[in-house]
Amino acid sequence: MPPQALEFSEKSVFLNIPYDDRFRRLYLAYITGLIHLGLKPRATIEIPGGRNRLDKILELIRSCRYSIHDLSRVELDRTPPTTPRFNMPFELGLAVASAKLDPTPHDWFVFESVHRRASKSLSDLSGTDPNIHHGTVEGVMRELCNAFVRQSQNEQVSVAKMLKTYREVSRLVEDIQRKTRARSVFDSSTFQQIYFAAGRAAGIPQTR
Amino acid sequence: MAHSVIITTPMPTLDEIGKELGLTRAEQDFLIRLVDEKGSRRREVHAPKSRSASSRTTKTVANKKAGPARKTRNRATASA
């Protein structure tokens, strides 16, 4: 029996970011920012390793209405042999192809920390303006608000509110990690629980 | 300028988020309690300390009054 395809979701955002401790603050910023916008972050950390990983990544991208590709980590890593990280630009390529070829709508965004660097490192993107966050939590939130605008005026969110939630969530991460017994905040169950806790901290009502 | 999109989907409720994530009721309750407890603890810490501020004022006045007496006591301790 073929595996069941993921259902397309209008509010899902494929989050293509580096998963390492140096990126932890911005990872939390993306989660808390997206929940304020009523969007659901999806990430490859939800996909177990092993066979058909690439198929699963592509399936996850295709199930999301939007994707964010953070290309701010383009430098070589320190672990020998030193290599640049190709996962993010590769997954961006998958998303662009999906947006072009699939009948389901898909909007993709490139986030960067340095002006004009993406046009040098990935010149195929010329004509696309990346959202520049300058490597800060506030910058990520500002650019999320620039990229995603809620239609209803009374649902407009502010960076200040997002930052308040971010500070609350940052204080909860260790407790959540202890509960999930995860080694890292980038573990799948920790990711999900941080997302739920961020919803509570953001003041999202429990029921309608 | 980077492009932007308009979000028309309704804001989800916390129950809907929990259900979508496949979190059990116990897991949801734990997280809700955790957020609420940490939030209220923080509010307590940052609440205006009117009581302790007034007691500090009282102490200052008391110290001023007790100034010479303490000096005497200190002198007595030194001589002892």
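Because the model is predicted, local features need pLDDT of at least 70 and side-chain atom pairs count only at pLDDT 80 or more, while totals for chains, interfaces and linings use all residues. Residues are numbered from 1 along each chain as its sequence is written, and chains are lettered from A and ligands numbered from 1 in the order in which they are written.

**The sheet of chain A**

- Chain A holds an open sheet of five strands in the order β2-β1-β3-β4-β5, with parallel pairing; strands pair if DSSP finds at least two bridges between them, and elements are DSSP runs numbered from the N terminus, helices being H or I of at least four residues and strands E of at least two.
- The edge strands, each pairing on one side only, are β2 (40–42) and β5 (131–132) of chain A.
- Helix α2 (residues 53–62) of chain A packs on the sheet and touches β1, β2 and β3 (64–70) of chain A, where contact requires C-beta atoms, placed from the backbone, to lie within 7 Å.
- Strand β1 (residues 9–16) of chain A pairs in the parallel sense with β2(A) over three bridges, in which A:S12 has A:K40 as bridge partner and A:F14 has A:R42.
- Between β1(A) and β3(A) the parallel pairing runs over five bridges, and A:L15 has A:I68 as its bridge partner in β3(A).

**The pair α1(A) and α6(A)**

- The axes of helix α1 (residues 24–36) and helix α6 (residues 159–180) of chain A come within 9 Å and cross at roughly 130°; axes are lines fitted to C-alpha atoms, for helices over the stretch in contact, and angles run from 0 to 180 degrees between N-to-C directions.
- On the α1(A) side the contact is made by A:L28, A:A29, A:T32, A:G33 and A:H36, which meet A:K161, A:M162, A:T165, A:Y166, A:V169 and A:S170 in α6(A).
- These contact residues divide into five nonpolar, five polar and one charged, with Ala, Val, Leu, Ile, Met, Phe, Trp, Tyr, Cys and Pro counted as nonpolar, Asp, Glu, Lys and Arg as charged, and the others, Gly among them, as polar.

**The contact of chains A and B**

- Strand β6 (residues 148–150) of chain A pairs with β1(B) in the parallel sense over three bridges, and A:R150 stands opposite B:I7.

Key:
Contact = placed C-beta atoms within 7 Å.
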